[in-house]
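Visitor: I've got a structure up on the screen and would like a tour of its details. Could you take my questions one at a time?

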Amino acid sequence: MRDTWPLLRDSDFPPIERDRLETLQLNLGYLCNLSCIHCHVNAGPRRTELMDRDTMQLALEVARRHGVRALDLTGGSPEMNPHFRWLVGEARAAGLHVMDRLNPTIMEEPGYDWVGTFLATHRVEAVASLPCYSQANVDEQRGQGVFEASIRALRTLNSLGYGQPDSGLVLNLVYNPNGAFLPPNQERLQADYARLLGENFGIVFNKLFALANMPIQRYGSWLLSKGRFESYMATLRGAHREENLAGVMCRSLVSVDYLGYLYDCDFNQMLHLPLGAGDASEDTARPHLRDLLDAPPTRRIATAQHCFGCTAGQGSSCGGALR
Ligand code: SF4
Ligand code: SF4
């Protein structure tokens, strides 16, 4: 895989600072049942990196000390971490809001039929990836049969109350472009998703998050191999909107890797760019969850050219468009 970091490092992205820490985003590991082309964490069925229970315990303690509001669980497929259910149970008991970024096909894998019921019982917000409402586009990006499996899983979530009016069980969907272009207008796309998924499959959901693809890892390598890296970067930079800087997720979120090291966001984690850009080559200088037991995270945020992916057009964060 080709590395885009040397092309991103020298940056004119405007400086930004952290506000209050609201969310800990825990990457529970890189194990996933899929290997999508746009995956910025290079997750897949052969990855073995998984967060252990001690690190989760530390994260819960940090959340308690800093009055963190939410745990945002990501991966890979977070549910494939053997301590997933323990973590969710503890977090909910501690009053934390929990979001699970799930790829819905996990619910169809042998041994994972508990996922939907478990999430509903613990009233976890489900943030389910469905990169398009078209079967051809989803299968091209994620693999043969993924669309149909996703649809079946979303129907199961609906049958458990997810996305249904007044159930309080929130089902949000995530869209990524399947090429080197920015997401279309989120509001209009959400209306299209609602109409087509409703008419064709009887599926309901709460919101659609339209996320831009980041020019890093597997997707960045794909851009390089197609000779489209420079033009994609020009698209991101050309669409930069200063007003999006106020809402980028790194202002209120800290991302934690499976070993407990800290980053300003999931993308920086994948670029091995430590929180506030300490020295990535020195383990002792890399901020860790342990460092947050007694002090808040630094206000400094490490940025580079990929950050334009968060501020281009309508903006992009873990909660979708910024405007
Ligand atoms: S489902 Fe998500 S984590 Fe898994 S490979 Fe695809 S993009 Fe990556
Ligand atoms: S890529 Fe990460 S550090 Fe850069 S603006 Fe987006 S969230 Fe912030």
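Visitor: Let's start with Arg-195: which helix is Arg-195 found in?
Guide: Keep in mind that this is a predicted model, so everything I say is about a prediction. Follow the chain to Arg-195 and you land in a helix. That helix is α7.

Visitor: Is Arg-195 buried, partly exposed or exposed?
Guide: The relative accessible area of Arg-195 is 42%. Buried needs under 20% and exposed needs over 50%, with partly exposed in between. So Arg-195 is partly exposed.

Visitor: How many Å apart in space are Arg-195 and Tyr-133, C-alpha to C-alpha?
Guide: Along the sequence, Arg-195 and Tyr-133 are 62 residues apart. In space, going C-alpha to C-alpha, the figure is 9.9 Å.

Visitor: Staying with aromatics, how many aromatic pairs does a search of the whole structure find?
Guide: Rings count as a pair if their centres lie within 6.5 Å. With the whole structure searched, the number of aromatic pairs is 11.

Visitor: Are the rings of Tyr-112 and Trp-114 stacked, edge-to-face or tilted?
Guide: Their centres are 6.0 Å apart and their planes meet at 40°. Stacked needs planes under 30 degrees apart and edge-to-face over 60, with the rest counted as tilted. At 40°, then, the pair of Tyr-112 and Trp-114 is tilted.

Visitor: Tyr-133 and Tyr-193 also form an aromatic pair; which kind?
Guide: The centres of Tyr-133 and Tyr-193 lie 5.2 Å apart, with 80° between the planes. Planes over 60 degrees apart put a pair in one class. For Tyr-133 and Tyr-193 that class is edge-to-face.

Visitor: How far apart in sequence are the parts that this pair of Tyr-133 and Tyr-193 ties together?
Guide: Tyr-133 is in the loop between β4 (125–129) and α5 (135–142). Tyr-193 belongs to helix α7 (residues 186–201). So the pair ties together parts whose separation in sequence is 60 residues.

Visitor: Which charged end sits over the ring of Trp-114?
Guide: Trp-114 belongs to one aromatic cluster with Phe-84, Tyr-112 and Phe-118. Over its ring, 3.8 Å from the centre, sits the charged end of Arg-85.

Visitor: Which ring does Arg-286 lie over?
Guide: Arg-286 is placed over the face of a ring, at 3.7 Å from the ring centre. That ring belongs to Tyr-261.

Visitor: On to the ligands: how many residues surround ligand 1?
Guide: The closest are Cys-32, Leu-34, Cys-36, Cys-39 and Asn-103. By class, the shell has five nonpolar, four polar and one charged residues. The number surrounding ligand 1 is 10.

Visitor: How many charged residues does the shell around ligand 2 have?
Guide: Ligand 2 takes up the space of the second largest cavity. Among the residues around it are Cys-250, Cys-265, Cys-307 and Cys-310, along with Met-249 and Phe-267. Eight in the shell are nonpolar and two polar, while the count of charged residues is no charged at all.

Visitor: What is the phi of His-272?
Guide: His-272 lies in the loop between α10 (266–270) and α11, and with a relative accessible area of 57% it is exposed. His-272 is not a glycine, yet its phi is positive, at about 60°.

Visitor: Where is Gln-217, whose phi is also positive?
Guide: Gln-217 is not a glycine either, and its phi is about 50°. Its relative accessible area of 16% makes Gln-217 buried. Its place is in helix α8 (residues 217–225).

Note on methods:
Residues are numbered from 1 along each chain as its sequence is written. Chains are lettered from A and ligands numbered from 1 in the order in which they are written. This is a predicted model: local features need pLDDT of at least 70, side-chain atom pairs count only at pLDDT 80 or more; totals for chains, interfaces and linings use all residues. Side-chain values use heavy atoms; hydrogens and water are left out. A residue is near a molecule or strand if one of its heavy atoms lies within 4 Å of it. Ala, Val, Leu, Ile, Met, Phe, Trp, Tyr, Cys and Pro count as nonpolar, Asp, Glu, Lys and Arg as charged, and the others, Gly among them, as polar. Helices (H or I, at least four residues) and strands (E, at least two) are DSSP runs, numbered from the N terminus. A charge sits over a ring if NZ of Lys or CZ of Arg is within 6 Å of the ring centre and within 35 degrees of the ring normal. On a 1 Å grid over the protein atoms alone, a cavity is a set of points where a 1.4 Å probe fits but cannot get out, and a pocket is an open set with protein on both sides within 12 Å along at least five of seven lines; lining residues have an atom within 4 Å of a point. A molecule sits in a cavity or pocket if more than half of its atoms lie within 2 Å of its grid points. Buried means under 20% relative accessible area, exposed over 50%, partly exposed in between (1.4 Å probe, protein chains only).
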